[in-house]
Amino acid sequence: VQLQASGGGLVQAGGSLRLSCTASGSIDRINTMGWYRQRPGGERQLVAYLRTGGTPNYANSVQGRCTISRDNEKNTVYLQMDNLQLEDTAVYLCTADLVTYGDSKASRYWGQGTLVTVSS
């Protein structure tokens with residue numbers, strides 16, 4: 001199983017970016033997909049997640065500025081980020097809690113991360 005993230009880049013404060021992450025491989029079903037971020041020298045923090053058939057969940061720091069969505073047919077999760085601030089600068093990592101063929105329980109998989117840099 002692989003998670004491939006894209007969409008990061010350099011943006012001015014107040015701007016927007018849309019991140020994408022697609023899971024591929026021997027996937028039976030995906031339970032949850034989400035995003036974490038890690039600032040330079042900081043700990044990994046949850047940004048948002050979305051369970052299959054569920055409602056989005058957001059960290060307080062991004063509530064109202066980010067929208068998470070999924071395309072279940074494409075095993076893809078998106079993170080629309082608006083009104084980006086300097087403190088949003090981080091590597092954004094996607095995750096998927098999924099079950100592979102032949103397994104009975106879900107495992108968490110991580111993407112490689114995509115860098116978001118917000119400038120003043």
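This is a predicted model: local features need pLDDT of at least 70, side-chain atom pairs count only at pLDDT 80 or more; totals for chains, interfaces and linings use all residues.
Reader: What makes Cys-21 and Cys-94 a disulfide?

Author: The sulfur atoms of Cys-21 and Cys-94 are 2.0 Å apart. A disulfide requires two cysteine sulfur atoms within 2.5 Å, so the pair qualifies. By this rule the count comes to 1 disulfide.

Reader: Why is the disulfide of Cys-21 and Cys-94 called right-handed?

Author: The label follows from the torsion about the S-S bond, which is about 50° for Cys-21 and Cys-94; the disulfide is therefore right-handed.

Reader: Which parts does the pair Cys-21 and Cys-94 tie together?

Author: Cys-21 belongs to strand S3, residues 17-24, while Cys-94 belongs to strand S9, residues 90-100. The pair therefore ties together parts that are 73 residues apart in sequence.

Reader: Are Cys-21 and Cys-94 buried or exposed?

Author: Buried is the label for a relative accessible area under 20%. Cys-21 has 0% relative accessibility, so Cys-21 counts as buried. Cys-94 also has 0% and therefore counts as buried.

Reader: Why is Cys-66 too far from the closest cysteine sulfur for a bond?

Author: The closest cysteine sulfur to that of Cys-66 is in Cys-94, at 15 Å.

Reader: How many helices and strands does the secondary structure of the protein contain?

Author: The secondary structure comes to 0 helices and 11 strands. Read from the N terminus on, the elements run β-β-β-β-β-β-β-β-β-β-β.

Reader: Why does the radius of gyration of the protein agree with that of a compact globule?

Author: For 120 residues, a compact globule would have a radius of gyration near 14 Å. The protein has 14 Å, so the value agrees. Along the principal axes, the C-alpha atoms fill a box of roughly 50 × 25 × 25 Å.

Reader: What describes the interior, the contacts and the surface of the protein?

Author: Of the 120 residues, 41% count as buried. Among contacts with a separation of 6 or more, 56% are accounted for by residues 24 or more positions apart. The accessible surface comes to about 6400 Å², and 44% of that surface belongs to carbon and sulfur atoms.

Reader: How many positive and negative charges does the protein have, and where do their mean positions lie?

Author: There are 11 positive and 9 negative charges, and their mean positions are 2 Å apart.

Reader: Why is Ser-20 called buried?

Author: Ser-20, in strand S3, has a relative accessible area of 18%. The label buried applies under 20%, so Ser-20 is buried. Beyond residues up to four places away in sequence, Ser-20 touches Gln-4, Ala-5, Ser-6, Trp-35, Val-77 and Tyr-78.

Reader: Why is Tyr-109 called partly exposed?

Author: Tyr-109 has a relative accessible area of 25%. Partly exposed covers the range between under 20% for buried and over 50% for exposed, so Tyr-109 is partly exposed. Tyr-109 lies in strand S10, residues 107-110. Leaving aside residues up to four places away in sequence, Tyr-109 touches several residues, including Val-1, Leu-3 and Cys-94. The C-alpha atoms of Tyr-109 and Thr-89 are separated by 23 Å, although these residues are 20 apart along the chain.

Reader: What is stated about the phi of Asn-75 and the phi of Asn-83?

Author: Phi of Asn-75 is near 55°, a positive value in a residue other than glycine. Asn-83 is not a glycine either, and has a positive phi of about 45°. Asn-75 is found in the loop between strand S7 (66-71) and S8, and Asn-83 in the loop between strand S8 (76-81) and S9.

Reader: Why are Asn-75 and Asn-83 called partly exposed?

Author: The relative accessible area of Asn-75 is 23%, so Asn-75 is partly exposed. Asn-83 has 38% and is therefore partly exposed.

Reader: Which residues does Asn-83 touch, not counting residues up to four places away in sequence?

Author: Asn-83 touches Gly-14, Gly-15, Ser-16, Arg-65 and Asp-88.

Conventions
Residues are numbered from 1 along each chain as its sequence is written. Side-chain values use heavy atoms; hydrogens and water are left out. Helices (H or I, at least four residues) and strands (E, at least two) are DSSP runs, numbered from the N terminus. Buried means under 20% relative accessible area, exposed over 50%, partly exposed in between (1.4 Å probe, protein chains only). The radius of gyration is taken over C-alpha atoms; the globule rule is 2.2 Å times the number of residues to the power 0.38. Contact means heavy atoms within 4.5 Å. Accessible areas come from the Shrake-Rupley method with a 1.4 Å probe; for residues, only the protein chains shown count as cover. Lys and Arg count as positive and Asp and Glu as negative; His and the chain ends are not counted. The place of a charge is taken as NZ of Lys, CZ of Arg, CG of Asp or CD of Glu.
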